[in-house]
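This report looks at a sheet, a loop residue and the nonpolar cores. Please keep the sequence and the 3D view at hand.

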Amino acid sequence: MNIEVDARGLPCPRPVVETKKALDGIETGTVIVLVDNPQGRDNVARFAGSQGCKVDIQEDNGIFRLTIIKESGSERPVEKSGNIVVMITSDVFGTGDERLGEILMKAFLNTLWDADTKPAKLMFINSAVKLTTEGSEVLDTLKLLEKDGVQVFSCGTCLEYYKLKDKLSVGSVTNMYDTVNSLLSADKIIKL
């Protein structure tokens, strides 16, 4: 089976996400991915390689054509997540330009939802609670993560501080006692 994915013009990480969907949809076969920038080319090639696929890359006038061959048995097994807790402490990802941080946080959460391995819990602390309340650009993604079994918690003190307690739109309100217990019982903690 051959599938073509036109990922030209798509922002990071969409070329990888679309490639993953195409590869997940076939047992064996070829997926041809078109991208229009070196970053997309490298990200898609690295992802395909991590999945045990063979990748051939050709360029024509700034358009990269990645031919990805998926053979029977080439998939890596899905890893179990264990008790991973992701503690998100800001409504932006990283430091620097705030708008870039918003874009990166949205990309992170979308990619997390699309990942095979998911955390057990997402804990939103400080300004990160803005992501779980009315008007957030990531509510749909957080609701999908919750539907997939990821527990979503927002700090009650933080919601009160930002006057958002009545605007919580996904997950549950938590307190510092539960937060400490979740962190101490986690197999792994990832802090953003």
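## Strand pairing

Two strands count as paired if DSSP finds at least two bridges between them. The model is predicted. In it, strand β7, residues 151-155, pairs with β8 in the parallel sense over 3 bridges. Ser-154 stands opposite Val-173 in β8.

## The open sheet

β7 and β8 belong to an open sheet of 5 strands. The order is β8-β7-β6-β5-β9, and the pairing is parallel. The edges are β8 (172-174) and β9 (188-191), and each of these pairs on one side only. On average, neighbouring strands of this sheet are turned by 25° against each other, direction ignored.

## Nonpolar cores

The largest nonpolar core has 24 residues. Ile-88, Leu-109, Leu-122, Phe-124, Val-129 and Leu-142 touch the most other members. Two or more residues each come from β5, α3 (98-114), β6 (121-124), α4 (139-147), β7 and α5 (156-161). β5 gives the largest share, 4 residues.

What does Val-129 touch, not counting residues up to four places away in sequence? Its contacts are Phe-124, Ser-154, Cys-155, Cys-158, Leu-159, Tyr-162 and Leu-164.

## A loop residue

Ser-72 sits in the loop between β4 (63-70) and β5 (84-88). Is Ser-72 buried or exposed? Ser-72 is exposed, because its relative accessible area is 61% and the cut-off for exposed is over 50%. Its C-alpha atom is separated by 9.9 Å from that of Cys-53, 19 residues apart along the chain.

Conventions:
Residues are numbered from 1 along each chain as its sequence is written. This is a predicted model: local features need pLDDT of at least 70, side-chain atom pairs count only at pLDDT 80 or more; totals for chains, interfaces and linings use all residues. Side-chain values use heavy atoms; hydrogens and water are left out. Axes are lines fitted to C-alpha atoms, for helices over the stretch in contact, and angles run from 0 to 180 degrees between N-to-C directions. Buried means under 20% relative accessible area, exposed over 50%, partly exposed in between (1.4 Å probe, protein chains only). A nonpolar core is a set of buried Ala, Val, Leu, Ile, Met, Phe, Trp, Tyr and Cys residues joined through side-chain atoms within 4.5 Å. Contact means heavy atoms within 4.5 Å.
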